[in-house]
Amino acid sequence: MNKFPKDFLWGAATSAYQVEGGIYQGGKVPSSMDPSSKKHANKEITDFSVAADHYNHWKEDVALMAEMGFKSYRFSISWPRIIKDKEGNINQEGIDFYNNLLDELIKNNIEPVVTIFHFDIPMFVEDDGGLESKNVYKHYERYCSVLFKNFGSKVKYWLTVNELNVMVLVSQIINTNKEKSSSNEWQVMHNMNVVQAKAILMCREMCPGVKIGPAPNISVNYPASCKPEDFTAKLNMDLLRNWVYLDILCRGSYSKKFLKYLEENNKQIKTTEEEMELFKVAKPDFIAINYYSSGTVEAINSSNGDDGATNNDQQSGFAFKGFAKSVKNPNLQKTQFGWEIDPVGFRNTLREVWERYQLPIMVTENGIGAKDVLTEDGKVHDDYRIDYYKKHIHQMGLAIEDGVEMIGYMPWSAIDLVSTHEGISKRYGFIYVNRDEFDLKDMKRIRKDSFYWYKELIKNNGDY
Ligand code: BGP
C-alpha cells in the first residue's frame, strides 16, 4: 500500500536571493546578500546579482514545475523587494511580482509554501542595528503585516524564518555577523525567536485558518562511541544544534541547561517578561525541517578550541567549548562537497522531531549539491541525485509507517541556484540553468534526468 497521504505536498524549494537575481530591478533595495554589501562573504566565487534570473523567467519556471507535477512550491519573499526603507514604505512593484507568481502557481494547482525571511536582510535593517538589535522587531512586524494583508488570501502555509540555527551558528556564510567576536549570536537567536512568535500571533489574527511554522535545519546526532560521556555530548549537541530553536516556540521556554550554557560561557542574552510571555501563547501549527545529513559527536573537556561551525558551511559540524564537538562518521559516504549522506538519519531525524513535539512535519529542504555536467547531447545525467532522493524518500516512507505525521516534501532545489558558500558550481536543481560562475551564457533551462524521474514519482504519489 502507498504510504504517502493522498494530498501529500510533493514539490521543491528555493530562496529569493539564491534564485531571483534581478537585484537592480523592480525597485528592490540593497540587502546583506547583494554583491555590493560589504558583508557578502562569497561574492568572489560567483556573480550573485543574476542568480538563476528567476525574476525574469518566473513564468517559464512555474511552467516547468507544473510539468513535473508539483503539488507545492516553497519559495521565499525578498524582504528588500517589499519594504523600501526604515519607515516601512512599501514597494508596489515587489508586491505585484509576488502576486503574479502566486496567481500563476495557483492557476497550475501548485500550493505556495512561503518563507517570510530566508537570509537576505535589508540594509536598512542592518543599518538600524541588524538582527542583534531589538529594533528588528518593528521592522519584521511591519513586513509581516504587509505580507499577510497582501498575500494572506493566497497562501495557506507560511514559514517564519529559514534556518535560524544556521544563522546563529554559521553566521559568516550568511553574513549576519561576520566579526563574530564582537557580537552575540545568541541575542540574534532570541530576537529572531521573538519575531517568529509575533509573526505566529499576527498570522492567527490576520489570516484565520492559515498555517504557520518555523523552518530550522535539523540533524539527528550520533555519539561517536558508546562511552557515556559521548552520549552526554550528543545531548549537548542536540540542544545547541537543534532543540533550542524549537523548544522555545513549541514548549514555551528555554531549557535550564541552555541558560546554564550561556551563563558559563559569558553569553548572556537580554530577554523581557513580556517577550517570554509571548512564547507561552504563540505555538506553531507544524514544523518545517531542512535535512541534509546527520551529525556525529564526541565529548570535549577542554575549554579551548572552536566555538560554532568547524568549517565554512552548514553541515561539516560544530564545536562548543567543553560541551560537544563534531567528528566524521566513518560509516557514511560523502557528496562531492564533503557532506555526509545519511538517508537512515533522515528517518531518525523525522522520528526525533515528531516524538519530541507531536506536530506535523513538512520537509522544506533535502538534497545533494553536485558539480552537474551538461553533456554534448544537451542533457544532464544526474543519476547520483536520483539515487540520493530514492534513498531519502524510502526512509521518509518508513518514518510515516513509524507514525510520523507528514505534510509534504520540498527538496532543495526546484531549479539550479547559487549555493550559500559555493556559488553556482554547487548545483541542486531538477532543472539545469545554463550559466557559469561569471559567464552568464544564455540562462537556458534544461531538464535534468532527475526531472523526469521526479515527475514519475509525483505521479505515483511516492512510488518509483
Ligand atoms: C541550507 C539553506 C539553503 C541552501 C542549502 C544548501 O542551509 O537554507 O539556502 O543553500 O542549505 O546549502 P549550500 O547552498 O551551502 O550548499
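Reply: A crossing is left-handed if the near helix is turned anticlockwise from the far one by less than a right angle, and right-handed if clockwise. This is a predicted model, in which local features need pLDDT of at least 70, side-chain atom pairs count only at pLDDT 80 or more, and totals for chains, interfaces and linings use all residues. Residues are numbered from 1 along each chain as its sequence is written.

Me: Which crossing does α6 make as it passes α9?

Reply: α6 passes α9 in a right-handed crossing.

Me: Why are α6 and α9 called roughly parallel?

Reply: Helix α6 (residues 136-151) and helix α9 (residues 185-206) pack at an angle of about 30°, their axes being 10 Å apart. Angles under 35 degrees count as roughly parallel, over 145 as roughly antiparallel, 65 to 115 as roughly perpendicular and the rest as oblique, and α6 and α9 are therefore roughly parallel to each other.

Me: What makes β5 and β7 edge strands?

Reply: The open sheet of eight strands has the order β5-β4-β3-β2-β1-β15-β14-β7, with parallel pairing. β5 (211-215) and β7 (287-290) each have a single partner strand, so one side of each is left without a neighbour in the sheet.

Me: How do you know that β7 pairs with β14?

Reply: Two strands pair if DSSP finds at least two bridges between them, and four bridges join β7 to strand β14 (residues 361-365), the two running parallel. Within β14, Val 363 is the bridge partner of Ile 289.

Notes: Axes are lines fitted to C-alpha atoms, for helices over the stretch in contact, and angles run from 0 to 180 degrees between N-to-C directions.
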